[in-house]
Amino acid sequence: MRAPRSVTVGPMVDEDHTMIRFVPETSIPGTDASYHLPAFYELWARWGPVEDRAFWARAADVSRNFFETVADPKTGLTPDRSEFDGQPAMGWDGKPSQFAYDSWRTASNWSVDYSWWGKDARAKTRSDHIQTFLYGQGIDTFADRYTLDGKPMSDRHSTGMVAATAVGSLAATPGAVSDAFLKELWDMPVPAGEQRYFDGMLYLMSLMHLSGEFRIIEPAAQK
């Protein structure tokens, strides 16, 4: 519990870095890789308000490069929060941010972008890295938090993390590992209990992505 305090709130987008911020509170800098959604930025760059299109086109490319910067080159794991230059931000515990609950979504984000637009071939390698690493940890037992170089930080296995990593199969090399994630997600029961909200939303959206039901619907031609 924290005592009430005054804060200054600004834009959620940092225009100087062409990135989404972690929070709009100006005293907390940096970004969160799992907030970067280049697949949707590309949509806005094509069909959003004309005056915003150039910005969103730049933001999509910035995010694609940012994923490459923050993902560990061996494990594919990404930090929960980062500075704008890609260095892990300091966590609330005073230590550099590691792979945790927000991080689960990042592989899904770059893989959906690759599936829709195919503009960043590096996404395939990143998806291969994270799926191969977690598969090696045990596909039905891997932890839900890690150091970026792959040391477990919990003993809990989470449906939401399985689901988001399974979306990585949209970009990963087809084969036994990517197929194993798809089967693992398909065979999992609908999340229930204490974690049903976060796990459940990732489970739902991941099934939509992987079933082809999360689709681009182009605007009707203007007459």
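**Exercise 1.** In this predicted model, state how many residues line the second largest pocket and which lie nearest its centre.

*Solution.* The lining of the second largest pocket consists of 16 residues. Nearest the centre of this pocket are Leu-37, Ser-108, Asn-109, Met-205 and His-209. The volume of the second largest pocket is about 270 Å³.

**Exercise 2.** Determine which helices each supply at least two residues of this lining, and how the lining divides by class.

*Solution.* Begin with the helices: at least two lining residues come from each of α1 (38-47), α3 (104-117) and α7 (196-210). Next, sort the lining residues of the second largest pocket by class: 10 are nonpolar, 5 polar and 1 charged.

**Exercise 3.** Describe the largest pocket by its volume, its central residues and the classes in its lining.

*Solution.* The largest pocket has a volume of about 360 Å³. Among the 16 residues lining the largest pocket, Gly-91, Asp-93, Ser-97, Gln-98 and Ala-100 are the closest to its centre. The class count for this lining is 7 nonpolar, 4 polar and 5 charged residues.

**Exercise 4.** Identify the residues of the nonpolar surface patch that includes Met-208, then classify Met-208 as buried, partly exposed or exposed.

*Solution.* The patch comprises Tyr-197, Met-201, Leu-204, Met-205 and Met-208, and together these residues have about 480 Å² of accessible area. Met-208 belongs to helix α7. The relative accessible area of Met-208 is 30%.

Methods: Residues are numbered from 1 along each chain as its sequence is written. This is a predicted model: local features need pLDDT of at least 70, side-chain atom pairs count only at pLDDT 80 or more; totals for chains, interfaces and linings use all residues. Side-chain values use heavy atoms; hydrogens and water are left out. On a 1 Å grid over the protein atoms alone, a cavity is a set of points where a 1.4 Å probe fits but cannot get out, and a pocket is an open set with protein on both sides within 12 Å along at least five of seven lines; lining residues have an atom within 4 Å of a point. Grid points are joined across faces, edges and corners, and a volume is the space filled by probe spheres set on the points. Ala, Val, Leu, Ile, Met, Phe, Trp, Tyr, Cys and Pro count as nonpolar, Asp, Glu, Lys and Arg as charged, and the others, Gly among them, as polar. Helices (H or I, at least four residues) and strands (E, at least two) are DSSP runs, numbered from the N terminus. Patches are made of residues with over 30% relative accessible area and no salt bridge: like charges are joined within 9 Å, nonpolar side chains (Val, Leu, Ile, Met, Phe, Trp, Tyr) within 5 Å. Accessible areas come from the Shrake-Rupley method with a 1.4 Å probe; for residues, only the protein chains shown count as cover. A salt bridge is a side-chain nitrogen of Lys or Arg within 4 Å of a carboxyl oxygen of Asp or Glu. Buried means under 20% relative accessible area, exposed over 50%, partly exposed in between (1.4 Å probe, protein chains only).
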